[in-house]
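Please look through the structure below with the following notes beside it.

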Amino acid sequence: MWEYTDKVKEHFLNPKNVGVIEDADGVGEVGSLACGDALTLYLKLDENKLIKDAKFQTFGCASAIASSSALTEIIKGLSLEDAKKITNDDIANYLGGLPKEKMHCSVMGRDALEKAIVDYLGEAQKKVEGQIVCECFGVTDLEIKRAVSENDLATIEDVTDYVKAGGGCGNCHENIQEIIDAFLGRERPAVKKPPRLTNIQKIKLIEETLEREIKPALKKDGGDIELVDVDRNRVFVKLRGTCAVCAKSQITLKHYVESKLRELVTPDLVVEEVQS
């Protein structure tokens, strides 16, 4: 499992303010079930325009639930002006920190709060601005620039941790790197075309990547993976342990396993699960 603080565990195991406010003054919805995380935040204000109640519904991991729970506790009693100042770091700090791979959960909370406030004020929801960079998660260049700017991000992995961009097929990695380099004022080195791998070299690299990068991460959550076969660019695997019965196994397979293998072996690989 991830190394969670006691406060994260507390808000995951005993989340505060779960539910729906039927007559909510403002509602903010972010994420999607297809991407693995979704959050709906409800706000109710008192006669002094202070947030007197906040509830949430979340579909996601322990960090998503804990971040949503923490957010509702943080904003109770605040004016909308003060609530607008809440950042994803405020949510993470309230919980005593989050694993860097889970920081996108605090960003999701911040975004839901912004949308709920806009809904209360009766303002039109902002149209999606900028250009979609990550097709898998619908993340734009402006969202990536904001994450890089606000959180001092410097790598593609950092961006994925905060806004999920780059965590799917990997086709957007070059564009994400360009955004990072432009923001940091770095010149990009000429991209070298990767050498063509023989089938034996490819299989060896796949095995090494599974052992070094992928299996240790899956085992943290009680899962595992077994390489069954490689046919040209098709990689056949079996998921083991908790991964084999997890509702999000296909997300793990495509957005993590396949992405890692494409990044570290060759971008042409397609991972397929062999059913028992």
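1. Axes here are lines fitted to C-alpha atoms, for helices over the stretch in contact, and angles run from 0 to 180 degrees between N-to-C directions. Helices (H or I, at least four residues) and strands (E, at least two) are DSSP runs, numbered from the N terminus. This is a predicted model, in which local features need pLDDT of at least 70 and side-chain atom pairs count only at pLDDT 80 or more, while totals for chains, interfaces and linings use all residues. Residues are numbered from 1 along each chain as its sequence is written, and side-chain values use heavy atoms, with hydrogens and water left out.

2. The axes of helix H1 (residues 6–13) and helix H2 (residues 62–75) cross at roughly 90° and come within 8 Å. H1 and H2 are therefore roughly perpendicular to each other (a word used for angles of 65 to 115 degrees). On the H1 side the contact (heavy atoms within 4.5 Å) is made by Val8, His11 and Phe12, and residues of H2 in it include Ile65, Ser69 and Glu73.

3. Strand E6 (residues 223–231) and strand E7 (residues 234–241) pair in the antiparallel sense over 8 bridges, where pairing requires that DSSP finds at least two bridges between two strands. The two strands form a hairpin with 2 residues between them, and Arg232 in the turn has a positive phi of about 55°.

4. The open sheet has 3 strands in the order E6-E7-E8, with mixed pairing. E6 and strand E8 (270–273) stand at the edges with a single partner strand each, so one side of each is left without a neighbour in the sheet.

5. Helix H9 (residues 199–219) lies across E6 and E7, running at about 165° to E6, and helix H11 (residues 249–264) lies across E6, E7 and E8, running at about 145° to E8.

How values were computed. Angles under 35 degrees count as roughly parallel, over 145 as roughly antiparallel, 65 to 115 as roughly perpendicular and the rest as oblique.
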